[in-house]
Amino acid sequence: MDKEVDRGLDIYYEGDGAGFVLLSKLSYLINLPRANSLWYLLFSPACCGIELMQAGGTRTDMDRFGMVFRATPRQADVMIVGGTVTYKMAERVKLLYQQMSEPKYVISMGSCANCGGLFDRSYSVLKGVDLIIPVDIYIPGCPPRPEALLDGMMELQKKIKSEDWGRIVARHKSKLEER
Amino acid sequence: MNINEVHSEVVKFFPGKISDVITSGKLSFFYFDREIIYDLFLVLRDKIGMEFKHLSYIASVDMKDHFELIYCLYSYRWGSVIHLKTRLNREGPHIRTISDLFVAAEWHEREAYDLMGIVFNDHPDLRRIMLPDDFEGHPLRKDFVEKDNYHGIPTRRDKILGRF
Amino acid sequence: MTLEERLNAVKRDNEILLNMGPQHPSTHGVIRFIVRSDGEIMVEALPVVGYLHRGIEKLAEMTPYAGFIPYTDRVDYLAAMFCNHAFVMGVERLLGIEVPRRAEYLRVIASELNRIASHLISLGSMAMDIGAFTPFLHGIRERELINDITEMLCGARLTYNYMRIGGVSNDINDKILKKISDFLDRFLPGFIEEFNRLITYNEILVKRCVNIGTISSEEAINFGLVGPNLRASGVKWDLRKNMPYSVYPEFKFEVPVGEGFRGSVGDSYDRFVVRVKEMEESAKIIRQAISSIPDGEIMAKVPKRIKPPAGEVYSAVESARGELGYHIISDGLENPYRCKIRTGSFSAMKAIHIKSQGCFIADLVVLIASMDIVAPEIDR
């Protein structure tokens, strides 16, 4: 797993924040368009993929949130892993994740991608996709309804809007100084 | 033709190598010796009156001291279905392929090789189909034990909320 | 032998090796094709499967009979009612249980609704692979209505777990019947005519599908094809008519067979049109069923612990993708001893491998889409 990118569940602020007032307004301006035009990678091994397709369909329309599907990882921001990942497929999932460009997010959709789900006694199923790539949002269900997927995407939008660019800039500066 | 009529026809061609018709539960079948498999299926496929041209599936079963292969044939011309079985040794199971008679058999035999470890002689392309190429073991056997990790990924997850 | 050895054994110079990888927008699930071609004409398209192998047959040996039914949903999630039905029918035959007539009617209604839903997705994604995005949304829109009906019936939209050993789990009431008949009034003939006008008789679709992947009837039987693929090649075989099960003998319906509607018999266009006609026939069956549901119970008397006597059974239904059969071997204990699942898409892969030799790469996409394969049926 990547050690550089820390995607824990808590978002905290370092320092006293005084010098970051200007940067926080800038953060808001940067995060707003990023959160409102998430392009997701159409990657659906199994049954949850059908609900993903229905979520992009006509009743639960994800297009009105700015979310379009892309077929290639180079043009995507979010990878929605919907379905069971087997050992044979695990290497490809890692490759797909590495092909996406920063900043990138992963949503783990359904029980099989969260923890192995129904197949956790099987000999060829990866017990949860977070064993190989870092995951931001977990959506439970088997399969989750399209409204649940939409709720998960909106949680991701909230998470993106609260990202602090001051901290990110400071961390990158300190890494450059280390080298 | 149902299974009894097929049996009485086939016993004339291969005396001594076909068992009687056995009914187990709701299924009737007969056993045949594994040496006659090619000629038997040629007869079943081409003889007028039988014409079992459709191979439905090949199932492999692990009876504790030997293996069994189940063949299921359909005849669309006469609207019937039969099941045949054969026995194989547990050490070094091998049998001749029928993929030159039925094209559908190629993938079914590959699956039997992959999951049970039965070798089919003269098969055009015998390799693993479902599992990764470097997987060790044949999972459908009753004495299959799962390894602890696969290339570093742990295979058992004890704590659901949290990592290892 | 490994995959590399197989590829190296037939390698030639001036040949391109193209990988239609597991993640691809137009393979139906995670299936990989290694395409060897010289320019645009393909020499071979080698399928590599197993990216969704979850070991359902081994899990059957660790699960009691009644607890295995949710696993059968995932064998083919687009037509999950049929998978349930076949397994439950097999166990009932072993136990010698007779299912009440009302439950059989409910099973038929649910199955035929599922057949319509599955064909909508398959036709929509075939059109999407050719390049038109709108027909897919037409299919999705109608499928949402069917999802609403099944949600009222059993609570789930995709993996139903509706059938039980001995009957079904939930009963039907007047509200659901009214909703089904409203849906049918809207579907047949309104939606089918609109679909045909827009898509089936569309010149672009016709030109892309005609004479692609022609499979003759002898070849289709030898390849092991079943279902609409087999019927499009001219073989009139349908398990509901030739080996009847459940209450299908009481309904009047036709079995559509391919006749070379615009090209030769058994090409991709035939497979498309046969599926459209099958949707019409399913709607007719549902109309007959809902007008004559008998009263009664929905569940037979089943023992608390299901332990069938030692024996074997093979039970098959005519699913949306062909014959779906379960060969169950029981040894008298609580879990099955061996459960072999026979699906239609597994045999169709070999047919794609053979028929892809000598055609264009763009035609490979049409061929794969017209065979209507789903990945979990192949890999189980």
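**Exercise 1.** In which sense do strand 6 and strand 7 of chain C pair, and over how many bridges?

*Solution.* Keep in mind that this is a predicted model.
Step 1: Find strand 6 at residues 311-319 of chain C and strand 7 at residues 322-330.
Step 2: Look at the link; a hairpin of two residues joins strand 6 of chain C to strand 7 of chain C.
Step 3: Read off the pairing, which is antiparallel, over nine bridges. Within it, C:Val313 stands opposite C:Ile328 of strand 7.

**Exercise 2.** Work out which way the residues of strand 6 of chain C point, and whether they are buried or exposed.

*Solution.* Step 1: Recall that side chains in a regular strand alternate between the two faces of the sheet.
Step 1: Sort the residues: C:Gly311, C:Val313, C:Ser315, C:Val317 and C:Ser319 point one way, while C:Glu312, C:Tyr314, C:Ala316 and C:Glu318 point the other way.
Step 2: Apply the cut-off for buried, under 20% relative accessible area. Nine of the nine residues of strand 6 of chain C are buried.

**Exercise 3.** Describe how chain B meets chain C.

*Solution.* Step 1: Start with the residues in the contact: 46 come from chain B and 44 from chain C.
Step 1: Look for charged partners. Five salt bridges cross the interface of chain B and chain C, and the side chains of B:Glu111 and C:Arg380 form a salt bridge at 3.0 Å, N to O.

Key: Residues numbered from 1 in each chain as written. Chains lettered and ligands numbered in written order. Predicted model: local features only at pLDDT ≥ 70, side-chain atom pairs only at ≥ 80, totals over all residues. Heavy atoms only, no water. Contact = heavy atoms within 4.5 Å. Salt bridge = Lys/Arg side-chain N within 4 Å of Asp/Glu carboxyl O. Buried < 20%, exposed > 50% of the residue type's maximum accessible area, 1.4 Å probe, protein only. Helix = DSSP H or I, 4+ residues; strand = E, 2+ residues; numbered from the N terminus. Pairing = 2+ DSSP bridges.
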